[in-house]
Amino acid sequence: MSQKSLSASAARGGAVTLVAQLARVVIQVAQVAILARLIAPESYGLLAMAIAFTGIAQILRDFGLSTAALRMAELTGQQRTNLFWLNFAAGTVISVIVFLLSWPIAAFYGQSDLVTLVQWVSLSYVLSGVTAQFRVAISRSLRFRALAICDVVPPIIALLAAVPVAAAGYSLAALIVLQLALPAADLVLSVTLARWLPGLPRRTSGMRNLLSFGFSFAGTQVLAYFTRNIDSVIIGRLWGPTTLGFYDRAFQLSVVPVNQINTPMTKVALPVLSRVVEDTARFERGIRSAQLVSCYITATSLCVMAGLAFPIVDILLGDDWAQSAPLFAILAISSVFRAIQQIAIWLQVAKGSSASLLLGNVIGQPFVILAICCGIPWGATGIAMGSVAGYAGFWIFSMLWAGRNTGVPTWPLISRATKVVALLSAPAGLSAFAISSLVSIPSFGLILLGLATSLATVLLSLALFPFARRDVAKILGLVRSGFRG
């Protein structure tokens, strides 16, 4: 693919992905707002208890094979077929293991309802295992509109399926429907749109490299998952499902921009970066462009959400969830560092440095866990504060580690991210917080006023700092290029 056509595909993919993820944000917000009024915090806490242990199965059923396939410059049909059968087998085995673990998990927490919940959730790993390589086929062909359909439609179907069950008073059943309907709809759409069907597995060259990369990347994901969920395990074990329910809803809101912007952008970034990895100048330009999205869009959104945490929780979740608001504010700040740390992962994955990525996480993740555990004496709030400190330090370490092991200079990336967050994102969030603290009006009006104040703060920052104007102009240029494509 020529440089011009590849750039056009990247821009088009970025634009389509951003629009699709904005739609997903709206859907997820609607899901949270509707179901929070139908399902009690205790039920959400039980789901969080189950996922804290079983969610790791989502990583193990894939073993990093999807990412390994995405980053390959060339992938044969037979290799993809073999990966499909490996994902299917892993998903089936993991599903059986999770089913059998339902009793020990329930015993650990002292919650008998977890047995049924975990057993039903275990079925989702078979469904997602089958889906994985169909999704890869869509991504590798750079068919981002089809990928957007697979991202947007399943959550709508899942919500429509869960609402009547929750309205009938079956809280846990509604959450089970939500957990199963989404991967089932994703599977049907992915198979329909992939334009590819697997054949029979057989020996072929290149599988060793795919498996080696995949297993190393899976190890990285396992470490990250454990770190990301250690707070839920601690809170659930020490303070029970209700406290965990408040914390979990706060956490889920705080990762919406990361999950709906940064994570899907991986499907655009990795296939494109893998094609220019040998061209140092183009590769570094691509990394810098990807960082602009993380800093200006994701990080700024998170800072503003932190500033408006109390009215957001009031509007989305209702009065019964007021305890989630301060936790949401703190966890949104923690997510800022997780968002900008994503660049270190993309850099090493695109360069094929999976062993470096794994070792970096082996070294760095324990410090995040230690920081989280240091907050235990102060309850859920202390744990949330610990995550801020832990992920801030881990971001710096990850960027320096990635630069050391890939040869790509990362100090300029750290410097630029620090400037953007300190001079644009944080002021926008602080101005929103000032409005929400000083003005006494209904929550909806407070959100509108806070957003207007944040926008004015962003515009002032753009007027004061030329580098920010250049960056935003580049983002707008990429979006315009994408829609023209």
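Good morning. The structure is a predicted model, in which local features need pLDDT of at least 70 and side-chain atom pairs count only at pLDDT 80 or more, while totals for chains, interfaces and linings use all residues. Residues are numbered from 1 along each chain as its sequence is written, and side-chain values use heavy atoms, with hydrogens and water left out.

I begin with the overall fold. The protein chain contains 19 helices and zero strands. Here helices (H or I, at least four residues) and strands (E, at least two) are DSSP runs, numbered from the N terminus. Of the 485 residues in the chain, 57% are buried. Buried means under 20% relative accessible area, exposed means over 50%, and partly exposed lies in between, with a 1.4 Å probe and protein chains only. A contact means heavy atoms within 4.5 Å. Among the contacts with a separation of 6 or more, 84% join residues 24 or more positions apart.

I turn now to the interior. A nonpolar core is a set of buried Ala, Val, Leu, Ile, Met, Phe, Trp, Tyr and Cys residues joined through side-chain atoms within 4.5 Å. The largest such core has 108 residues, and those with the most contacts inside it are Leu114, Leu117, Tyr247, Tyr296, Leu317 and Phe328. Which helix gives the most to this core? That is helix H14, residues 324–350, with 15 residues.

Helix H12, residues 280–307, has 28 residues and spans 39 Å from its first C-alpha to its last, close to the 40 Å expected at 1.5 Å a residue. The expected span is 1.5 Å times one less than the number of residues in the helix. At Ala299, H12 bends by about 25°. The bend at a residue is the angle between axes fitted to the seven residues ending there and the seven starting there. Because 20 of its 28 residues are buried, H12 is largely enclosed by the rest of the structure.

Helix H7, residues 123–140, has 18 residues and reaches 27 Å between its first and last C-alpha, close to the expected 26 Å. A kink of about 30° is centred on Thr131 in H7. Since 15 of its 18 residues are buried, H7 too is largely enclosed by the rest of the structure. Just after H7, Leu142 adopts a positive phi of about 55°.

Next come the empty spaces. Rolling a probe the size of a water molecule over the atoms shows where empty space is left. On a 1 Å grid over the protein atoms alone, a cavity is a set of points where a 1.4 Å probe fits but cannot get out, and a pocket is an open set with protein on both sides within 12 Å along at least five of seven lines; lining residues have an atom within 4 Å of a point. Grid points are joined across faces, edges and corners, and a volume is the space filled by probe spheres set on the points.

The largest pocket has a volume of about 1100 Å³. Its lining has 33 residues, of which Leu22, Ile297, Ser301, Val304 and Leu451 lie nearest the centre. Helix H18 (443–464) supplies the largest share of this lining, eight residues.

How many cavities of 30 Å³ or more does a search of the whole structure find? It finds three.

Met207, in helix H10, is buried, with a relative accessible area of 11%. Leaving aside neighbours within four places in sequence, Met207 is in contact with Gln79, Asn82, Leu83 and Leu86. Gln348, in helix H14, is buried at 2% relative accessible area. Ile156, in helix H8 (residues 144–167), counts as partly exposed at 35% relative accessibility. The C-alpha atoms of Ile156 and Ala30 are separated by 9.6 Å, although the two residues are 126 apart along the chain.
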